[in-house]
Amino acid sequence: MKSNSNVSPLSGKSVLVTGATGEIGQAIVASCLSLGAAVFANARDEDKLAPLLETWSGKVIPLIYDVTDERVVKEQFRQIQKMQMQSDIGPLHGLVNNAGVMFEAPITVSLMDKLKEQLNINFLAPYQHMQLACRLMARQRKGSIVNILSQVGELGSSGMSAYASSKAALKGATVSLAKELAPVGIRVNGVAPGFIETAMTKHYDQEKRDNVTQRIVMKRTGKPGDVAKAVAFLLSEQSSYTTGHILPVDGAFTP
Amino acid sequence: MDNNEKLKQVFCQALGIEADQVTDSLTYNTIEEWDSTAHMILVAELEDTFDVMLDTDDIIDMSTVGKAKEILAKYEVQF
């Protein structure tokens, strides 16, 4: 009997990853490449993305755009629509809505502009990306969408109500679209990281960090690679019967 | 194959109906085959066949076969 163990699971397919220059985004891109996918790597800042392109081995197509610019997002999908016909890229199989921002503030000093910015980047932009991606995926009757959520959105966190709301909104879209898109073969799942060591959490002082770690059953904070492994699982056929699921990547965080 | 024939073929494939059912007056949600799921597949197939990317407003407006022709004409697809 022949073994398929050497076949790359996403070979001949492409995946769009938003926010590719952040630590988690970089890990997700590397993970997708290791699965054999061609990756459309989105970033706002070309200068940040350019050096990363040299570190990745595999087919990476840089897409420089602001995820909140509706007109530009549509133009980018038009480009993906054309490029996915190329044999070295392949049809769009996956979308990872990873780009996000987090602002912490108690409600009394929360600025409405910051709330709107988080809703725009963390919810409205991923929604438009799903709206456009599902049409490309529908042609294949197959696809996998993975939204990067947060345990903050799942469990709540004092001083993070605006961020939590934006992620909770995306969770609602995730579980609803899992039901809506299942008939056309598209799975929609979420990954909900806990405390991951990134630039977003760098400002935590040691006392705050220790306090968080004590509440994690695995007694360590997470790494970007931990999130990327969960994303890879949900993009691949390893999770072929899983949709509408929110996978925590938090070392069992206890609020 | 001209664009009328291509359009007819897309409707047949996307909705799983016979060619003689595809008339300009055929309307969304009036036959069980043309439901919201089929509509998504129909849009995907139309975009693929005619190499266009439709606006959401156009997808909402695409309520009949005749309307689909009008909308595609905006994207320089001639019938």
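This is a predicted model: local features need pLDDT of at least 70, side-chain atom pairs count only at pLDDT 80 or more; totals for chains, interfaces and linings use all residues.
Residues are numbered from 1 along each chain as written, and chains are lettered from A in the order written. Local features need pLDDT of at least 70 and side-chain atom pairs count only at pLDDT 80 or more, while totals for chains, interfaces and linings use all residues.

**Exercise 1.** Work out which strands of chain A form the open sheet, and in what order.

Solution. Start with the order: 7 strands run β3-β2-β1-β4-β5-β6-β7, with parallel pairing. Strands are DSSP E runs of at least two residues, helices H or I runs of at least four, numbered from the N terminus; two strands pair if DSSP finds at least two bridges between them. Next, look at the edges: β3 (60-64) and β7 (246-249) each have a single partner strand, so one side of each lacks a neighbour in the sheet.

**Exercise 2.** Find how many bridges join β4 (residues 92-97) to β5 (residues 143-148) in chain A.

Solution. There are 4 bridges, and the two strands run parallel. Then pick out a facing pair: Val96(A) stands opposite Val146(A) in β5(A).

**Exercise 3.** Describe how α4(A) meets α2 (residues 36-50) of chain B.

Solution. First, geometry: the axes come within 8 Å and cross at roughly 85 degrees (axes are lines fitted to C-alpha atoms, for helices over the stretch in contact; angles run from 0 to 180 degrees between N-to-C directions). That makes α4(A) roughly perpendicular to α2(B), a term covering 65 to 115 degrees. Second, residues: Arg135(A), Ala138(A) and Arg139(A) meet residues of α2(B) including Met40(B) and Glu47(B), where contact means C-beta atoms, placed from the backbone, within 7 Å.

Conventions. Angles under 35 degrees count as roughly parallel, over 145 as roughly antiparallel, 65 to 115 as roughly perpendicular and the rest as oblique. Two residues are in contact if their C-beta atoms, placed from the backbone, lie within 7 Å.
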